[in-house]
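Have the model open in a viewer and follow along. We'll go from one side chain to the next and see what holds on to what.

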Amino acid sequence: SSGINAEYGDRLQSQHHLHHPLCFHSHTFAEMGFKDTFLPYSFYMVKFVSVFYVGKWLLPIIEHKFPHFNIHYAPLVWFECLYWFYGISHMIMDRTPNLWWGKYKVVQQESISDVQMLPNVIFNHLFLIASQIVYSTYIARGGSTEYDISIFTTLLEVAFYYLIFDLVFYYGHRFLHLPGVFEVLHKQHHQTKGSVGISGFYMHPVDYFLEGILPSFLGPFLLNGHLLSGLCYVSLNSINSPHSHGGYCFPFLPPPDNHYHHHRYYNKNYALGILDIFHSTTFTSQDGLITRGKVRMANEKSNKGVKER
């Protein structure tokens, strides 16, 4: 995949390193300390706690009022509602940069519009819906709907889901970057540059199965966890895709550096972070300096050849 990485680096050589003044941190995602991470990740904590208690109150009511509704579809319905809320919000914000959120847009490099991406994005969502229906009807082992589960147990279950997600996503993503595989299955997604919220779903359907459906479904299947854990899990996932691909650096959310650097350098930040640390594929400032140095040397060599001719 080195040829792909070099080609991508050359194509993006004129683009700036992501250190926008409104991104509150002074280093890359991997080098941020507790002070820099507490505020943005506190949003996820608040969201987790609120979804847990609202779900604990609302799900029994839904079961009672709508007995013919399969309650195990609730996480899917919740995910779709949240995802499209965030996705459409990003589309609106991108069209109104003169409003207050415009100053938080730190990546504006897209060559494909959100409207062009939309048919493929919708198809992959239909693929997700069909997969969830098949999973809930024929594969899932049920999962508990007894609402006496504690928030601590729910947190442990969601943490397990993310460990499995990171494991499967990382190796699946590395597979998609192999020469030959990349061109067929993953190149479409890398045509985007991390500045359009819905671009997280812009990919080949097989790519989406390996990076979206399989890692997301495997953790809940293995653990057969509580329905509330699934609800909290998809609530966190629903914002991660639009935000990590949207190019906005809001102070109450994690900076978009992590996945932006993957789209820029190809061979860094494959997953959530645990396996990237283990395999030393986490992007650091030094990586950026090395890459820019190589590009600068290549440009100087090219310019020298032009002058000699």
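Bear in mind that this is a predicted model. On its side of the pair, F127 is partly exposed, at 26% relative accessible area.

F79, Y83, W84, F127, F201 and Y208 make up one aromatic cluster. Across the structure there are 22 aromatic pairs. Another of them joins F85 and Y86, again edge-to-face, at 5.6 Å between centres and 65° between planes. What about burial for these two? F85 counts as exposed because its relative accessibility of 54% is over the 50% mark. Y86, in contrast, is buried, with a relative accessible area of 15%.

Now for the nonpolar packing. Which residues have the most contacts inside the largest nonpolar core? They are L59, I71, Y147, V158, L228, C232 and F250, in a core of 32 residues. Four helices each supply at least two residues of this core: α2 (34–65), α3 (74–95), α5 (151–176) and α8 (227–246). Of the contributors, α8 gives the most, with seven residues.

Leaving out residues up to four places away in sequence, Y147 touches K56, L59, P60, E63, I71, H226, L227 and L228. Among those neighbours, L59, I71 and L228 are also on the list of residues with the most contacts in the core. Apart from this core lies another, of 18 residues, including M91, M117, V121 and V234.

Charged side chains come next. Side chains of opposite charge can pair when their charged atoms come close. Here the count comes to two salt bridges. In one, the side chains of D94 and K105 meet at 3.1 Å, N to O. D94 belongs to helix α3 and K105 to the loop between α3 and α4, so the bridge ties together parts that are eleven residues apart in sequence. D94 is partly exposed, at 26% relative accessible area, while K105 is buried, at 11%.

The other salt bridge brings the side chains of D114 and R95 to 2.6 Å, N to O. This pair links distant parts of the chain, with D114 in helix α4 and R95 in helix α3, 19 residues apart. D114 counts as buried, at 6% relative accessibility. R95 is partly exposed, with a relative accessible area of 49%.

Finish at helix α9 (residues 257–265). How many of its nine residues are buried? The count is nine of nine. They are D257, N258, H259, Y260, H261, H262, H263, R264 and Y265.

Technical notes. Residues numbered from 1 in each chain as written. Predicted model: local features only at pLDDT ≥ 70, side-chain atom pairs only at ≥ 80, totals over all residues. Heavy atoms only, no water. Phe/Tyr/Trp six-rings, centres within 6.5 Å; stacked < 30°, edge-to-face > 60°. Buried < 20%, exposed > 50% of the residue type's maximum accessible area, 1.4 Å probe, protein only. Core = buried A, V, L, I, M, F, W, Y, C linked by side-chain atoms within 4.5 Å. Contact = heavy atoms within 4.5 Å. Salt bridge = Lys/Arg side-chain N within 4 Å of Asp/Glu carboxyl O.
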